[in-house]
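Q: Please guide me through the reading of this structure, one feature at a time.

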Amino acid sequence: MTTTSLLPRRSVLRALTGAAVLGGAAAVPVPASGSAAFAAEPETERRTGSETEPETYTLTIRHLGRDGRVPTHYRTSVTGISGPGAGRSEQPHDASGTASVRLPGGRYLLESSLWTDRVPDGTDWIVQPRLDLDRDTTVTVDARTTVPVDVTPPDAAAAFLTSGMFIEVTHEGATRMTSIVKATPTLRTAHLGPEAEAGSVRQWYDSYWRTRTGGYALGRTFSGTRALTGLTHHYAAAELAALELRALARPDRGGAVAGTAGIDLSPTLGPAAGPSVGASWSVPVPGTATLFVTPLRGAWDLVYTAPAAPGTRPNRYFVDGIAARAGTTTTHTFDGPVTGPAFTGRAGVERDGDTLAVDLPLLADGDGHVPTAPSFDTAWAGLHRDGVLLHARSGLLDRATFTVPPGPAPYRLAATVARRGATVATTRVNVSWTFRSATTVGPVPVPVSVVRFSPGLGPDGTAAAGSPMRVPVTVQGAAAGGRVRSLTVSMSADGGRSWTVLPVHEGAVTVPNPAAGTSVSLRAELTDTDGNTLDQTLVDAYRTG
């Protein structure tokens with residue numbers, strides 16, 4: 001069966017690292033364990049002449065495996081947080097299991113991972129968020145102190161994909177981070193050393209699981225004075241929120257091309273979202289997958305990559321900040337009708353001085369998701385001033401700029417997109433806006449609007465033939481929020497050769513669906529309260545089945 005898989009967008013660690021794949025799950029490529037510096041302070045300069053260098057001390061680290069002996073393998077990092085050693089990082093190692101390093105005095109973050117050659121043994125990860133080096137010091141990293149991380153979904157048949165644990169330590173205005181990513185559910189953790197200051201240790205843990213119909217994304221956040229020593233949470237279904245992802249056949253491909261689809265589990269937990277790894281799932285095309293997520297992790301971001309022909313760019317849709325509330329289901333349908341113009345995210349038109357910046361997606365899908373690589377055959381746009389064509393361009397109206405003469409004047413911006421290969425929805429978009437605009441000081445929004453149609457369609461993206469159907473009509477942009485002076489909606493069952501006006505009542509029109517296998521075209525003519533207009537036509541907006 002044709003499938004799509006869920007690929008993660010990059011988390012906040014994108015600035016620090018590239019991308020890697022662990023055990024079939026895409027992840028932020030942090031080493032098995034390792035430290036990263038945030039807001040790093042410059043290392044204290046060594047002074048010469050009459051000035052003395054910073055006092056240094058010997059840090060000795062003894063490593064013991066779970067049997068109390070020298071571990072088979074270990075990796076330890078010591079990273080300076082504050083003091084003369086701030087920003088300095090060392091990885092002391094000795095085959096004897098006891099390693100030493102000489103460092104300037106100050107506050108350090110120590111983390112160590114220990115493992116054997118047996119995969120089932122897993123990894124012991126020990127973190128000391130507070131290591132104050134003000135004398136020769138010996139630290140013992142002992143795997144016998146670790147406790148399992150035992151976090152599971154309510155479905156016992158779910159298969160583990162990947163997990164990631166991140167620890168962020170702050171001291172004297174500087175922040176350091178360390179992390180571990182695992183492709184097996186065999187992680188044990190322990191805190192080492194004294195407690196740090198209240199709230200100075202922040203920690204995130206995420207694990208991802210696959211089922212036959214979707215999967216689980218289980219995340220938690222913690223704040224306190226210590227690193228976690230183990231973690232146990234067996235989730236119940238009532239604790240989780242559902243994200244239902246419906247993948248329809250892409251209009252120009254008919255679902256015949258294999259591809260991928262994706263979810264971004266990079267959290268957006270308020271202003272301190274925190275880092276994460278991501279994982280991949282599969283969604284049949286057409287078909288549905290349900291991912292269960294933890295509200296404890298905050299909002300979730302989603303990226304869906306639709307099927308693409310070989311040698312062509314993947315077509316991605318991004319959905320940011322999906323709120324998760326236990327017991328609720330949020331549904332997102334991708335590549336479904338009615339495809340057309342939409343205001344979403346940064347979309348709109350601005351004038352800055354005598355430059356018009358236009359970013360108007362013309363091929364957003366029925367849920368308003370904007371594709372990164374929309375498929376079309378031809379596209380054209382033109383900008384008129386006082387009835388005279390100023391600019392003409394091929395292509396869509398994404399990130400287009402037009403230089404215009406100074407002073408006030410009436411404008412008309414028109415665009416058309418043709419998709420001859422589309423078999424499901426919207427083979428042509430024709431749209432025209434009129435508005436008045438004058439030279440501005442700084443960026444000022446230009447009053448343009450679009451109309452969205454949201455018919456209740458079946459899983460295959462078609463409507464029931466031969467029966468009336470209520471189609472919600474939504475105004476976006478300058479005319480939204482009660483700023484519509486007039487709105488006329490029409491439908492056509494012959495590809496736009498003839499039109500029938502449909503009364504708009506309580507935010508919707510009733511469309512008398514024609515016989516099976518017929519397309520329905522939709523047109524909207526709008527004037528806002530300031531006299532700006534929109535004329536928008538969607539040919540073959542949806543089909544009857």
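**Surface, sheet and rings**

A: The accessible surface of the chain, by the Shrake-Rupley method with a 1.4 Å probe, comes to about 22600 Å², and 51% of that surface belongs to carbon and sulfur atoms. This is a predicted model, in which local features need pLDDT of at least 70 and side-chain atom pairs count only at pLDDT 80 or more, while totals for chains, interfaces and linings use all residues. Residues are numbered from 1 along each chain as its sequence is written, and side-chain values use heavy atoms, with hydrogens and water left out.

Q: How many helices and strands are there in the chain?

A: Helices (H or I, at least four residues) and strands (E, at least two) are DSSP runs, numbered from the N terminus. The chain has zero helices and 41 strands.

Q: In which order do the three strands of the open sheet stand?

A: Two strands pair if DSSP finds at least two bridges between them. Here the order is 34-36-39, with antiparallel pairing. Strand 34 (449-453) and strand 39 (508-512) are the edge strands. Five bridges join strand 34 to strand 36 (residues 468-477), and Arg452 stands opposite Thr474 in strand 36.

Q: How is a pair of aromatic rings described?

A: The description uses the distance of the centres and the angle of the planes. Rings of Phe, Tyr and Trp (its six-membered ring) pair if their centres lie within 6.5 Å; planes under 30 degrees apart count as stacked, over 60 as edge-to-face and the rest as tilted. The structure holds six aromatic pairs. One of them, Tyr304 with Tyr317, is tilted, at 6.1 Å centre to centre and 40 degrees between the planes.
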